[in-house]
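Dear colleague,

Please find below the structure that I am handing over to you. My notes on what was found in it follow directly after.

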Amino acid sequence: MGVQPKRPRAAAASPAGVSPVQHDAAPAPPGAAPAPAGAVQSGAAPGPEFRSGFACFAGRPNVGKSTLMNALVGTKVAITSSRPQTTRRAIRGIVHRGDAQLIIVDTPGLHRPRTLLGERLDSLVRSTLTEVDVIGFCVPAPDRIGPGDKYLAAELGAIKGTPVIAIVTKTDLAPPERVAAQLAAVADLGDWADIVPVSAATGFQLDVLTDVLVAHLPPGRPLYTDGELTDEPEQVLVAELIREAVLEGVRDELPHSVAVVVEEMGPRPGRDELTDVHALMYVERPSQKPIVIGARGARLKEVGTRARQQIEALLGTKVYLDLRVKVAKDWQRDPKQLRRLGFYD
């Protein structure tokens, strides 16, 4: 690929029974204690300097980028779904450590756009990739390497001067021999700075991945206050939680045709323990509206209940959710509608 790491390479640990992909790791500094079994060993001795910077997760749709970011941050800052192309924004999650602050940028999955919305999401991903300190290229362990992975590997290779970490995700869903084969296949895709197999579900090697990402950050002061886990506005987070509930509720019927906007949100006057949320759910065609509402409003009620529980966990208060459905004709292809829904050029 031609991308050169800014710091010495690391040898990533592997699941039991899996032979790790080897890198040219430098020996430990004189006098250093032996690294624990399965840990990454780096040739750079730890220094007193604080590191801060940005890492971006990139990959095909539905490779586990959002789930991985949530696991590293330690809380839910991005919605997840089994449906591809769930992420529609560049969402930042903040990992705080005593020696570093790592800001992870979760991006939509790169794909061949079929709508104006798809084109704007792809543009968002490409611009984000050029602005971060390190890139994590996510490839799931259970899936065979496909044309989309090869295409993205070539795209990342064209970004000069930024180290790319290959991350083999979802190792808990594949047997050790499959993970080993995937590590080898991913190694053949490009000249990666590091290769790390992980599982967001079990926590396997999440600490190792954080160490590897932090090692590629520049020295610098914290960019966010301690304890801040994302810079997403609460209204945006609430809208995303509602959309997540919709994605689960409608299954395969219209996953990409739904957009959610929170029009108004705040404490109810005289009742600080209760937050009123008024949100609009947009679909593209009149025929989709009854799908979301369901018979006698049953599906909409189910979606509202699921979303309200998630919103209450986020805000720490009781929530009254007023959720209504409207039609915004072909909004994914309409520049004016996209701007109104927050998807800008």
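Helix H1, spanning residues 65–73, is mostly covered, with seven of its nine residues buried. Helices (H or I, at least four residues) and strands (E, at least two) are DSSP runs, numbered from the N terminus; buried means under 20% relative accessible area, exposed over 50%, and partly exposed in between (1.4 Å probe, protein chains only). The model is a predicted one, in which local features need pLDDT of at least 70 and side-chain atom pairs count only at pLDDT 80 or more, while totals for chains, interfaces and linings use all residues. Residues are numbered from 1 along each chain as its sequence is written, and side-chain values use heavy atoms, with hydrogens and water left out.

The buried residues of H1 are Lys65, Ser66, Leu68, Met69, Asn70, Leu72 and Val73. They pack against several elements, including strand E1 (51–58), strand E4 (134–140) and helix H5 (206–215); contact here means heavy atoms within 4.5 Å. After H1 comes Gly74, with a positive phi near 95°.

**Cysteines**

The structure holds zero disulfides, a disulfide being a pair of cysteine sulfur atoms within 2.5 Å. The sulfur of Cys56 has its closest cysteine sulfur in Cys138, at 9.0 Å, which is too far for a bond. Cys56 is buried, with a relative accessible area of 0%, and Cys138 is likewise buried at 0%.

**Aromatic rings**

There is one aromatic pair in the structure. Rings of Phe, Tyr and Trp (its six-membered ring) pair if their centres lie within 6.5 Å; planes under 30 degrees apart count as stacked, over 60 as edge-to-face and the rest as tilted. The ring centres of Phe137 and Trp192 are 5.2 Å apart and their planes stand at 45°, so this pair is tilted. It links distant parts of the chain, as Phe137 lies in strand E4 and Trp192 in the loop between helix H4 (176–187) and strand E6 (194–197), 55 residues apart. Both Phe137 and Trp192 are buried.

Strands E7 (residues 259–268) and E8 (residues 271–283) run antiparallel and are joined by nine bridges; two strands pair if DSSP finds at least two bridges between them. They form a hairpin with two residues between them, and Gly270 in the turn has a positive phi of about 80°. E8 also pairs with strand E9 (residues 318–327), in the parallel sense, over 10 bridges. Asp276 in E8 is the bridge partner of Gly266, and Tyr320 in E9 is the bridge partner of Asp276.

Yours sincerely
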